[in-house]
Amino acid sequence: MKRESNVKVCSVNTLEKKAAFWWNNLEVQVKAAFLCTILWGIIGHGSAMFNKFSVHDDVAFTHSVGLTVTLGRWMLELVSRFEQLATVSQHYSMPLVNGMVTIVCIAVTVSILVALFRIRSVVLSIAIGGILVVNPAVTSTLGYMFTAPYYAVSLLMTVWGASLLCKNRTWYAYAIAVVCFICGLGIYQAYIPAAISI
């Protein structure tokens, strides 16, 4: 007689069902903000993503993430090392991959902001996504394509930390938010005003 195992196997099918369940439970405004931010990003930054423009630091740091610990970006160094271990390769400045990761991170950031501020207008949600993804700060960040996704992750962590502080009043929410701030600002310090503003 066969004994049945109680161990649940994590398959692509179950992950797909969980992702579909999560997506279906999102508000329409959040979905619109996410999808339209990606669309705005591809339209606005397509030339930078589908070409290779090497300007300034991108020429010198094509195979690295630039200066890290010396500029106080200790988390950027850790993330870079982890990436090299995980991919068993050197860092490369790949415009399409780096650009898409950057835009998706910004889309998630916009979604968090729309949910946090309880924006009910779909048009306003779409406009916020467009404003955030095609503003000059993102355009200039994509000029440094070798490090753009890391900066987008920094923005995402900072905004997520601020969102946790605003929504939850528990000690563990504060602890997670502090870790998000520390790690996000350990990648790029320019997002302190974003956290303070939120």
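Trainee: Is Thr147 buried or exposed?

Mentor: This is a predicted model, in which local features need pLDDT of at least 70, side-chain atom pairs count only at pLDDT 80 or more, and totals for chains, interfaces and linings use all residues. Residues are numbered from 1 along each chain as its sequence is written, and side-chain values use heavy atoms, with hydrogens and water left out. Buried means under 20% relative accessible area, exposed means over 50%, and partly exposed lies in between (1.4 Å probe, protein chains only). Thr147 has 1% relative accessibility, so Thr147 counts as buried.

Trainee: Which residues does Thr147 touch, not counting those up to four places away in sequence?

Mentor: Thr147 sits in the loop between helix H7 (136-142) and helix H8 (148-167). A contact means heavy atoms within 4.5 Å. With residues up to four places away set aside, Thr147 touches Val65 and Leu76.

Trainee: How many helices and strands does the protein have?

Mentor: Helices (H or I, at least four residues) and strands (E, at least two) are DSSP runs, numbered from the N terminus. From that end, the elements run α-α-α-α-α-α-α-α-α-α. The count is 10 helices and 0 strands.

Trainee: What share of the contacts with a separation of 6 or more comes from residues 24 or more positions apart?

Mentor: The C-alpha atoms fill a box of roughly 65 × 50 × 35 Å along the principal axes. Of the 198 residues, 38% are buried. Among contacts with a separation of 6 or more, the share from residues 24 or more positions apart is 76%.

Trainee: How many salt bridges are there?

Mentor: Side chains of opposite charge can pair when their charged atoms come close. A salt bridge is a side-chain nitrogen of Lys or Arg within 4 Å of a carboxyl oxygen of Asp or Glu. By this rule, the number of salt bridges is 2.

Trainee: How many residues apart are Arg120 and Glu27?

Mentor: Arg120 forms a salt bridge with Glu27, with the closest N and O atoms 3.1 Å apart. Arg120 is in the loop between helix H5 (95-116) and helix H6 (122-133), while Glu27 is in the loop between helix H1 (12-24) and helix H2 (28-49), and the pair links distant parts of the chain. Arg120 is partly exposed at 48% relative accessibility, as is Glu27 at 37%.

Trainee: What is phi of Arg118 near?

Mentor: Arg118 is in the loop between H5 and H6. Its relative accessible area is 62%, so Arg118 is exposed. Phi is positive here, in a residue other than glycine, and near 55°.

Trainee: Which elements give two or more residues to the nonpolar patch?

Mentor: Patches take residues with over 30% relative accessible area and no salt bridge, joining like charges within 9 Å and nonpolar side chains (Val, Leu, Ile, Met, Phe, Trp, Tyr) within 5 Å. Val69, Trp74, Leu78, Val178 and Ile182 form this one on the surface, with about 470 Å² of accessible area together (Shrake-Rupley method, 1.4 Å probe; only the protein chains shown count as cover). The elements giving two or more residues are helix H4 (74-87) and helix H9 (171-187).
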